[in-house]
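Dear colleague,

Please find below the structure for your review.

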Amino acid sequence: MSTVGYLGPKGTFTNVAVDAIFDSVDTKGYRTIPECLDAVNNGEVALAVVPMENAIEGTVHLTVDYLIHQVEVPIIAEVVIPIEQHLLVRPDFTGDLKDIEIIHSHTQAIAQCHQFIHKEMNNAEIEYTSSTGEAASIVQQKKGAHAAIGNILSAQEYGLKVLNTSIHDYENNHTRFAVLQKNQKPIQMKELTANTYKTTIMVTLPSDYSGALHQVLSAFAWRKMNLSKIESRPMKTGLGNYFFIIDVNQPYDAVLFPAVQAELAALGCQIKVLGTYPCFHVDAPSLSTEKTAD
(Lines give C-alpha, C1' and ligand atoms only; values in the text may rest on other atoms or scores of the structure.)
Protein backbone atom coordinates (compact mmCIF):
# COMPACT_ATOMS: atom_id res chain seq x y z
CA MET A 1 0.00 0.00 0.00
CA SER A 2 1.30 3.45 -0.92
CA THR A 3 2.19 5.90 1.83
CA VAL A 4 1.31 9.55 1.31
CA GLY A 5 3.29 12.17 3.17
CA TYR A 6 1.70 15.52 3.95
CA LEU A 7 2.21 18.70 5.95
CA GLY A 8 0.97 17.55 9.34
CA PRO A 9 0.12 16.79 12.01
CA LYS A 10 -3.45 15.52 11.69
CA GLY A 11 -6.04 18.20 11.20
CA THR A 12 -4.19 20.41 8.73
CA PHE A 13 -5.76 21.61 5.49
CA THR A 14 -3.21 19.43 3.70
CA ASN A 15 -4.66 16.49 5.61
CA VAL A 16 -8.08 17.51 4.29
CA ALA A 17 -6.68 17.55 0.74
CA VAL A 18 -5.20 14.05 1.17
CA ASP A 19 -8.50 12.67 2.45
CA ALA A 20 -10.34 14.32 -0.45
CA ILE A 21 -8.39 12.61 -3.24
CA PHE A 22 -7.03 9.32 -1.86
CA ASP A 23 -8.69 6.09 -0.78
CA SER A 24 -7.05 3.23 1.12
CA VAL A 25 -3.59 4.72 1.61
CA ASP A 26 -1.34 4.99 4.61
CA THR A 27 -0.53 8.56 5.57
CA LYS A 28 2.34 10.16 7.40
CA GLY A 29 2.37 13.74 8.62
CA TYR A 30 5.53 15.85 8.61
CA ARG A 31 6.11 18.95 10.67
CA THR A 32 7.43 21.10 7.81
CA ILE A 33 7.15 21.35 4.03
CA PRO A 34 10.89 20.64 3.51
CA GLU A 35 10.67 17.49 5.64
CA CYS A 36 7.71 16.30 3.56
CA LEU A 37 9.45 17.01 0.25
CA ASP A 38 12.66 15.37 1.42
CA ALA A 39 10.67 12.27 2.35
CA VAL A 40 9.25 11.77 -1.14
CA ASN A 41 12.58 12.68 -2.75
CA ASN A 42 14.40 10.09 -0.65
CA GLY A 43 11.78 7.37 -1.16
CA GLU A 44 10.55 7.39 2.44
CA VAL A 45 7.00 7.88 1.11
CA ALA A 46 5.56 7.18 -2.32
CA LEU A 47 3.80 10.52 -2.70
CA ALA A 48 3.68 13.88 -0.97
CA VAL A 49 0.99 16.56 -0.76
CA VAL A 50 2.00 20.14 0.03
CA PRO A 51 0.34 23.57 -0.32
CA MET A 52 1.28 25.56 -3.42
CA GLU A 53 -0.87 28.68 -3.50
CA ASN A 54 -3.65 30.41 -1.56
CA ALA A 55 -6.22 32.67 -3.19
CA ILE A 56 -5.72 35.36 -0.53
CA GLU A 57 -2.03 35.17 0.33
CA GLY A 58 -0.61 33.93 -2.95
CA THR A 59 2.17 31.43 -3.61
CA VAL A 60 3.64 29.34 -0.81
CA HIS A 61 7.19 30.35 -1.64
CA LEU A 62 8.79 27.73 0.60
CA THR A 63 7.21 24.97 -1.49
CA VAL A 64 8.18 26.46 -4.85
CA ASP A 65 11.74 27.32 -3.84
CA TYR A 66 12.35 23.89 -2.32
CA LEU A 67 11.08 22.17 -5.46
CA ILE A 68 13.45 24.25 -7.56
CA HIS A 69 16.59 24.31 -5.44
CA GLN A 70 16.55 21.20 -3.23
CA VAL A 71 14.66 18.23 -4.70
CA GLU A 72 13.84 16.61 -8.05
CA VAL A 73 10.21 15.57 -7.69
CA PRO A 74 7.58 16.20 -10.40
CA ILE A 75 4.04 17.42 -9.78
CA ILE A 76 1.58 14.72 -10.86
CA ALA A 77 -1.73 16.26 -9.75
CA GLU A 78 -3.27 19.34 -8.22
CA VAL A 79 -6.22 19.56 -5.85
CA VAL A 80 -8.02 22.78 -4.93
CA ILE A 81 -10.11 22.91 -1.77
CA PRO A 82 -12.08 25.73 -0.15
CA ILE A 83 -10.49 27.09 3.02
CA GLU A 84 -12.68 27.93 6.01
CA GLN A 85 -10.76 29.31 8.97
CA HIS A 86 -12.39 29.03 12.38
CA LEU A 87 -11.36 30.21 15.84
CA LEU A 88 -10.91 27.12 18.04
CA VAL A 89 -10.68 26.93 21.84
CA ARG A 90 -10.74 24.26 24.53
CA PRO A 91 -14.21 23.03 25.56
CA ASP A 92 -13.69 24.45 29.06
CA PHE A 93 -13.04 27.99 27.79
CA THR A 94 -15.98 30.19 28.88
CA GLY A 95 -14.81 33.62 27.77
CA ASP A 96 -15.38 35.70 24.65
CA LEU A 97 -13.22 37.08 21.86
CA LYS A 98 -11.92 39.93 24.00
CA ASP A 99 -10.68 37.40 26.56
CA ILE A 100 -8.35 35.58 24.14
CA GLU A 101 -4.74 36.33 25.09
CA ILE A 102 -2.76 34.23 22.60
CA ILE A 103 -3.64 33.10 19.07
CA HIS A 104 -1.75 30.13 17.61
CA SER A 105 -1.60 29.29 13.91
CA HIS A 106 0.40 29.06 10.70
CA THR A 107 1.59 32.31 9.11
CA GLN A 108 -0.75 31.86 6.13
CA ALA A 109 -3.78 31.26 8.34
CA ILE A 110 -2.98 34.33 10.45
CA ALA A 111 -2.60 36.43 7.30
CA GLN A 112 -5.90 35.16 5.89
CA CYS A 113 -7.65 36.37 9.07
CA HIS A 114 -5.70 39.60 9.53
CA GLN A 115 -8.68 41.98 9.49
CA PHE A 116 -10.72 39.85 11.89
CA ILE A 117 -7.84 39.69 14.35
CA HIS A 118 -7.18 43.43 13.97
CA LYS A 119 -10.80 44.38 14.64
CA GLU A 120 -11.89 41.75 17.14
CA MET A 121 -8.75 40.63 19.03
CA ASN A 122 -6.28 43.44 18.59
CA ASN A 123 -4.74 42.92 22.04
CA ALA A 124 -4.04 39.20 21.61
CA GLU A 125 -0.49 38.01 21.06
CA ILE A 126 0.23 35.85 18.02
CA GLU A 127 2.39 32.73 18.14
CA TYR A 128 3.20 31.19 14.76
CA THR A 129 3.22 27.42 14.30
CA SER A 130 4.37 25.13 11.49
CA SER A 131 0.75 24.25 10.62
CA THR A 132 -2.85 24.83 11.69
CA GLY A 133 -2.92 21.25 12.98
CA GLU A 134 0.02 21.94 15.28
CA ALA A 135 -1.78 25.08 16.51
CA ALA A 136 -4.84 23.03 17.47
CA SER A 137 -2.63 20.46 19.21
CA ILE A 138 -0.95 23.21 21.26
CA VAL A 139 -4.27 24.74 22.34
CA GLN A 140 -5.55 21.31 23.37
CA GLN A 141 -2.70 21.08 25.88
CA LYS A 142 -2.86 24.63 27.24
CA LYS A 143 -5.30 25.89 29.82
CA GLY A 144 -6.31 29.51 29.82
CA ALA A 145 -7.15 32.03 27.12
CA HIS A 146 -5.49 30.35 24.15
CA ALA A 147 -7.07 29.97 20.71
CA ALA A 148 -6.08 28.33 17.43
CA ILE A 149 -7.06 29.22 13.89
CA GLY A 150 -7.83 26.09 11.91
CA ASN A 151 -10.48 23.92 10.27
CA ILE A 152 -13.26 21.61 11.41
CA LEU A 153 -11.08 18.52 11.03
CA SER A 154 -8.56 19.91 13.55
CA ALA A 155 -11.40 20.79 15.94
CA GLN A 156 -12.58 17.18 15.80
CA GLU A 157 -9.08 15.71 15.96
CA TYR A 158 -8.05 17.63 19.08
CA GLY A 159 -11.38 17.95 20.88
CA LEU A 160 -11.74 21.70 20.51
CA LYS A 161 -14.88 23.80 20.14
CA VAL A 162 -15.53 26.45 17.53
CA LEU A 163 -15.76 29.87 19.16
CA ASN A 164 -16.22 31.79 15.90
CA THR A 165 -16.82 30.44 12.41
CA SER A 166 -15.45 31.59 9.06
CA ILE A 167 -13.14 34.31 10.35
CA HIS A 168 -11.11 34.59 7.12
CA ASP A 169 -11.24 38.05 5.57
CA TYR A 170 -12.43 37.06 2.08
CA GLU A 171 -15.08 34.53 1.09
CA ASN A 172 -13.34 33.14 -1.98
CA ASN A 173 -10.60 31.47 0.03
CA HIS A 174 -9.12 28.44 -1.74
CA THR A 175 -5.76 26.71 -1.67
CA ARG A 176 -3.99 24.72 -4.38
CA PHE A 177 -2.17 21.62 -3.19
CA ALA A 178 0.42 19.81 -5.27
CA VAL A 179 0.65 16.01 -5.34
CA LEU A 180 4.25 14.92 -5.97
CA GLN A 181 5.70 11.55 -6.89
CA LYS A 182 9.29 10.75 -7.76
CA ASN A 183 8.76 7.31 -9.27
CA GLN A 184 6.03 7.35 -11.91
CA LYS A 185 3.95 4.38 -10.80
CA PRO A 186 0.14 4.18 -10.97
CA ILE A 187 -1.51 5.79 -7.94
CA GLN A 188 -4.84 4.91 -6.42
CA MET A 189 -6.99 8.04 -6.30
CA LYS A 190 -10.68 8.55 -5.84
CA GLU A 191 -12.78 8.72 -8.99
CA LEU A 192 -12.63 12.46 -9.52
CA THR A 193 -13.22 14.43 -12.69
CA ALA A 194 -10.40 16.75 -13.68
CA ASN A 195 -11.46 20.37 -14.18
CA THR A 196 -8.49 21.10 -16.38
CA TYR A 197 -4.90 20.08 -17.08
CA LYS A 198 -1.77 22.10 -16.47
CA THR A 199 1.90 21.98 -17.29
CA THR A 200 4.22 23.91 -15.00
CA ILE A 201 7.64 24.96 -16.24
CA MET A 202 10.56 26.97 -14.96
CA VAL A 203 12.30 29.38 -17.30
CA THR A 204 15.60 31.11 -16.57
CA LEU A 205 16.58 34.04 -18.81
CA PRO A 206 20.15 34.17 -20.14
CA SER A 207 20.54 37.82 -19.04
CA ASP A 208 18.52 40.87 -18.16
CA TYR A 209 17.89 42.78 -21.38
CA SER A 210 15.03 44.81 -22.78
CA GLY A 211 12.26 42.62 -24.17
CA ALA A 212 13.62 39.31 -22.82
CA LEU A 213 10.46 38.33 -20.98
CA HIS A 214 8.33 39.48 -23.93
CA GLN A 215 10.22 37.09 -26.19
CA VAL A 216 9.59 34.22 -23.77
CA LEU A 217 5.87 34.92 -23.56
CA SER A 218 5.63 35.32 -27.34
CA ALA A 219 6.74 31.71 -27.78
CA PHE A 220 3.49 30.69 -26.06
CA ALA A 221 1.26 33.47 -27.38
CA TRP A 222 1.60 32.88 -31.11
CA ARG A 223 0.91 29.18 -30.54
CA LYS A 224 -2.30 30.18 -28.68
CA MET A 225 -1.17 28.45 -25.48
CA ASN A 226 -3.01 29.99 -22.53
CA LEU A 227 -0.93 30.89 -19.48
CA SER A 228 -2.83 30.93 -16.18
CA LYS A 229 0.08 32.15 -14.09
CA ILE A 230 3.55 33.62 -14.37
CA GLU A 231 5.63 34.50 -11.34
CA SER A 232 9.24 35.47 -10.74
CA ARG A 233 11.36 34.06 -7.94
CA PRO A 234 14.95 34.90 -6.97
CA MET A 235 17.67 32.55 -8.16
CA LYS A 236 19.45 33.06 -4.81
CA THR A 237 22.64 33.89 -6.69
CA GLY A 238 22.49 37.65 -6.30
CA LEU A 239 20.19 40.64 -6.53
CA GLY A 240 18.38 40.94 -9.84
CA ASN A 241 18.72 37.26 -10.78
CA TYR A 242 15.33 35.61 -11.24
CA PHE A 243 13.66 32.57 -12.71
CA PHE A 244 10.02 32.39 -13.83
CA ILE A 245 7.40 29.80 -12.93
CA ILE A 246 4.82 29.49 -15.70
CA ASP A 247 1.55 27.52 -15.61
CA VAL A 248 0.23 26.54 -19.04
CA ASN A 249 -3.40 25.43 -19.17
CA GLN A 250 -2.91 22.24 -21.16
CA PRO A 251 -1.10 18.91 -20.83
CA TYR A 252 2.38 18.41 -22.23
CA ASP A 253 2.19 17.21 -25.82
CA ALA A 254 4.59 16.00 -28.51
CA VAL A 255 4.32 19.09 -30.72
CA LEU A 256 3.72 22.46 -29.05
CA PHE A 257 5.81 22.11 -25.92
CA PRO A 258 8.94 20.73 -27.62
CA ALA A 259 8.66 23.59 -30.12
CA VAL A 260 8.41 26.14 -27.29
CA GLN A 261 11.39 24.57 -25.54
CA ALA A 262 13.44 24.69 -28.74
CA GLU A 263 12.53 28.35 -29.34
CA LEU A 264 13.40 29.35 -25.77
CA ALA A 265 16.65 27.36 -25.91
CA ALA A 266 17.56 29.30 -29.06
CA LEU A 267 17.13 32.49 -27.03
CA GLY A 268 19.57 31.13 -24.46
CA CYS A 269 16.95 30.30 -21.83
CA GLN A 270 17.10 27.31 -19.52
CA ILE A 271 13.84 25.34 -19.24
CA LYS A 272 12.71 22.74 -16.74
CA VAL A 273 9.32 20.98 -16.76
CA LEU A 274 8.09 20.67 -13.16
CA GLY A 275 5.09 18.55 -14.06
CA THR A 276 2.11 18.00 -16.35
CA TYR A 277 -0.98 17.00 -14.43
CA PRO A 278 -4.77 16.95 -13.94
CA CYS A 279 -6.39 19.53 -11.65
CA PHE A 280 -9.23 18.64 -9.30
CA HIS A 281 -11.62 20.81 -7.30
CA VAL A 282 -13.17 19.17 -4.25
CA ASP A 283 -15.31 20.19 -1.30
CA ALA A 284 -13.85 20.36 2.18
CA PRO A 285 -15.55 19.40 5.47
CA SER A 286 -17.82 22.19 6.68
CA LEU A 287 -19.91 22.98 9.72
CA SER A 288 -23.01 21.91 7.83
CA THR A 289 -21.70 18.41 7.06
CA GLU A 290 -19.38 17.62 9.94
CA LYS A 291 -20.01 17.40 13.66
CA THR A 292 -17.77 19.62 15.75
CA ALA A 293 -16.49 18.87 19.20
CA ASP A 294 -18.37 20.48 22.05
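The domain bounds used here come from an automatic or database domain assignment, and a lining residue is one that has an atom within 4 Å of a cavity point. Please bear in mind that this is a predicted model.

The count comes to four cavities of 30 Å³ or more. I describe two of them below.

The largest cavity holds about 240 Å³ of space. Its lining is made up of 18 residues, and F13, P51, H106, Q108 and T132 are the closest to its centre. At least two lining residues come from each of α1 (13-21), β3 (47-54), α4 (107-112) and β11 (174-180). By class, the lining of the largest cavity has seven nonpolar residues, ten polar and one charged. Domain 1 (1-83 + 173-183) and domain 2 (86-164) each contribute at least three residues to this lining.

The second largest cavity holds about 90 Å³. Its lining consists of M52, E53, T59, V64, R176, T200, K229, E231, I245 and D247. Two or more of these residues are supplied by each of β3, β13 (227-234) and β14 (242-248).

Yours sincerely

Terms used:
Residues numbered from 1 in each chain as written. Predicted model: local features only at pLDDT ≥ 70, side-chain atom pairs only at ≥ 80, totals over all residues. Heavy atoms only, no water. 1 Å grid on protein atoms, 1.4 Å probe; cavity = no way out; pocket = protein on both sides within 12 Å on 5 of 7 lines; lining within 4 Å. Points joined across faces, edges and corners; volume = space filled by probe spheres on them. Helix = DSSP H or I, 4+ residues; strand = E, 2+ residues; numbered from the N terminus. Nonpolar A, V, L, I, M, F, W, Y, C, P; charged D, E, K, R; others polar.
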